[in-house]
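Hello,

Here is the structure we talked about. Please open it and keep it beside this email as you read.

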Amino acid sequence: MDAVHVAVEKRYAADESFELPRLAELVAGPTEAHDAAIEPGAPVAEGEAGSQRLEATWFDTADRRLAAAGLTLRRRTGGDDAGWQLDVPAGTGARSGVRLPLGRATRTVPEALRNLVWAHSRGAPLRPVASSVTDRTVRRLVDATGQVLAEVADDRVEARRLLPTDGGGDAAGAATSWREIEVELVGGRTELLDAVDTGLRARGLRVAASSAALAQVLDGNERIRPAERQAAKLTTRSAAGDVVLTHVREQVEQMRSQDLPVRLDAPDAVHKMRVATRRLRSALTTFKPLFAADVVRPLRGELKWLAGELGAARDAEVMRDRVSRAVAAETTVVEPGPTGEVAGAELGEAYRGAHDRVLAELDGDRYHHLLTSLDELVASPPFTGRAAARAGKVLPRLVARSYARVRRLVEDAAARPAGAEREELLHDARKAAKAARYAGESVSRVFGADATAFAQAMEAVQEALGEHQDSVLTRERLRDLALTTSSTRAAFLYGRLHALEEARAEQSQQHFDNAWKAAGRKSLHRWLR
């Protein structure tokens, strides 16, 4: 698969009367935007303009599931980036995605792209839903060396909706035409985009209502995005099941939304998907009396499996970064040199291997079945009779149980001498504290400041125990590295890092003692009675 493509751009709606000025004029003048965008004394000029004709066919499910998720999938010919293109928003003014060669098929989406969007398409067929033809004039802003800083495209677009026919073809709807100006950074600073934006706005342009041409074809986002779910106001008098289901639905959506970022190895995506998976499993565990056991028990097991797969990649990522930072911090004592490079390469390889295993699982039937089961869960929740009782009567007691488990584990750990058994109990206490935190957060929309304060106290306990656990794992990894290295300098460095981690473990114990004492305050638990 081709490398992930990231674009930083802005689009503007323009009518036929608009005259695009020379690009150098847009960033000219003694303004803050100009000073930040252009190196002092570095002249800019406009390169030679070029013309392109772009033809695209857009693909989606019949009910526009990709568009509802903010994704666009098209096959484009012409221009500099012909091929299959999957785009996803990547923050304000940016989008990222995947590019694949055109190939021979014109109506069949490549398998690699079908896999990337499965979490949103849920396996439904991807078919042509629109076509467009764009006559583009491209102008480039270049510096004194000829390096392209930004491209400005003046597009005249004609597009049509495609409707399936009984004969298996597509019937084109009425044509929709518009003009837009697209500005994309190439080699320039992000401030350059701001400077061009200021210049275009000063000349009367406005940012386009949608950054996706597909939305234009289908007459705006309201045609392709489902109406926002109007959540009923939840209170302590609401049904307990409704409160918990709202939280469950949010975690299912978060888990699904991180599927593609995980596949594209976006920063922190594995962590976010893992957290959503854990929150979801935790909710189905803490509030299990509200759900039919025969339905949610298998789901909890599958969520545990997925969290484990994601956890292996996340733990490898954390270990890589933690050891790398520790190695870099030791430059005043011993020159890491090749030692640091070897450690970084080894730990980086461990992360890549774990991430590859995650990708394989995301393409498998087990994961697909889990997503389908979660859809069924939120669409038809298998509530028990207790789910109909008032939230104020049922939920605090269930949250209180989660705290009681933390307390038992902490007390058991305190009664054990230092060693493996105590470390295991503290690890379990950390997981229990996280579950208690999630429980408090999941009902904070109803119980407000009381639930929030409780969750924050549990988070402090979780983080202190987490730092302790991270130190334990890091020391184990450093010990392994020291035993397998052939370099005495490397062994010395790993030994120093091990000693530093021991000191951090002692500090984390003090942090935990303070956090646990604070978490026991009676004021935090009054609402749980």
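Below are notes on a helix contact and on some aromatic rings.

This is a predicted model: local features need pLDDT of at least 70, side-chain atom pairs count only at pLDDT 80 or more, and totals for chains, interfaces and linings use all residues. Residues are numbered from 1 along each chain as its sequence is written, and side-chain values use heavy atoms, without hydrogens and water.

**Two helices**

Helices are DSSP runs of H or I with at least four residues, numbered from the N terminus. Take helix 11 (residues 269-286) and helix 16 (residues 420-442). Their axes lie 9 Å apart, at an angle of about 80°. Axes here are lines fitted to C-alpha atoms over the stretch in contact, and angles run from 0 to 180 degrees between N-to-C directions. Helix 11 and helix 16 are therefore roughly perpendicular (65 to 115 degrees).

**Aromatic rings**

There are seven aromatic pairs (ring centres within 6.5 Å, with Trp counted by its six-membered ring). Y403 and F454 have centres 6.2 Å apart and planes at 70°, so they are edge-to-face (over 60 degrees). Y403 sits in helix 15 and F454 in helix 17, 51 residues apart. Y403 and W516 have centres 5.9 Å apart and planes at 20°, so they are stacked (under 30 degrees). Both Y403 and W516 are buried (under 20% relative accessible area, 1.4 Å probe, protein chains only). Y403, F447, F454, F512, W516 and W527 form one aromatic cluster.

Best wishes

How values were computed: Angles under 35 degrees count as roughly parallel, over 145 as roughly antiparallel, 65 to 115 as roughly perpendicular and the rest as oblique. Buried means under 20% relative accessible area, exposed over 50%, partly exposed in between (1.4 Å probe, protein chains only).
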